[in-house]
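Take a look at the protein below. We will walk through it step by step, from the whole chain down to a single residue.

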Amino acid sequence: MSNYLVAMEAAWLVRDVDDIDDAIGVAVSEAGKRLNDQNKEYVEVEVGATPCPACGEPFDSAFIAANTALVGLLLEIDVFNADGEEHASRIAKSEVGGALRDVPLSVIDVIEIDEDAHERDE
């Protein structure tokens, strides 16, 4: 059994916004509130990054059309005592998906955590 850091991407809709920064703030705030309401404050929430198709430089994953924004959020969760990467992914999606119902989630990365490094951080 190993410990993993699972990173997921969520697609968050924000209505009635005019500005990208406002949309990002609302999306992060709403996602954080829904997670906290379900006692999942251990899930890290931040805006995702999308590479520019022309130059490859990352920019915030947010797009506004008709005063409605689609914001790509990055959610990270530590999963302990999983049987492997696939098991850790299923656990993470279940934990986060239960709190963020009707929000599309996709696992983008699973990294095995060195237990000794994790203990040193605490």
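This is a predicted model: local features need pLDDT of at least 70, side-chain atom pairs count only at pLDDT 80 or more; totals for chains, interfaces and linings use all residues.

The protein has three helices and seven strands. Read from the N terminus, its elements run β-α-β-β-β-β-β-α-β-α. The C-alpha atoms fill a box of roughly 50 × 40 × 25 Å along the principal axes.

How much of the protein is buried? Of its 122 residues, 35% are buried. The accessible surface comes to about 7500 Å², and carbon and sulfur atoms account for 46% of that. Now think about the charges. There are 8 positive and 28 negative ones, and their mean positions lie 10 Å apart.

Next, consider contacts along the chain. Take the contacts between residues at least 6 apart in sequence: 72% of these join residues at least 24 apart.

Turn to helix α1. It has 18 residues. From first C-alpha to last it reaches 26 Å, close to the 26 Å expected at 1.5 Å a residue. Which residues of α1 are buried? They are Ala23, Ile24, Ala27, Ala31, Gly32 and Leu35. Seen down the axis of α1, these buried residues fall within an arc of 155°, so they line one face of the helix. The face turned away from them carries the exposed residues Asp21, Lys33 and Asp37. What does the buried side of α1 pack against? Its partners are β1, β2, β4, β5, β6 and α2.

That brings us to α2, which covers residues 85–99. Its 15 residues should span 21 Å at 1.5 Å a residue, and its end C-alpha atoms are 22 Å apart, which agrees. In α2, the buried residues are Ala88, Ser89, Ala92, Val96, Gly97 and Ala99. Why do they count as one face? Down the axis of α2, they fall within an arc of 145°, so they line one side of the helix. On the other side, Glu86 and Ser94 are exposed. The cover over the buried residues of α2 includes β1, α1, β6 and β7.

Finally, zoom in on one residue. Gly98 lies in helix α2. Is Gly98 buried, exposed or partly exposed? With a relative accessible area of 30%, Gly98 is partly exposed.

How values were computed. Residues are numbered from 1 along each chain as its sequence is written. Side-chain values use heavy atoms; hydrogens and water are left out. Helices (H or I, at least four residues) and strands (E, at least two) are DSSP runs, numbered from the N terminus. The expected span of a helix is 1.5 Å times one less than its number of residues. Buried means under 20% relative accessible area, exposed over 50%, partly exposed in between (1.4 Å probe, protein chains only). The arc is that of the directions from the helix axis to the C-beta atoms. Contact means heavy atoms within 4.5 Å. Accessible areas come from the Shrake-Rupley method with a 1.4 Å probe; for residues, only the protein chains shown count as cover. Lys and Arg count as positive and Asp and Glu as negative; His and the chain ends are not counted. The place of a charge is taken as NZ of Lys, CZ of Arg, CG of Asp or CD of Glu.
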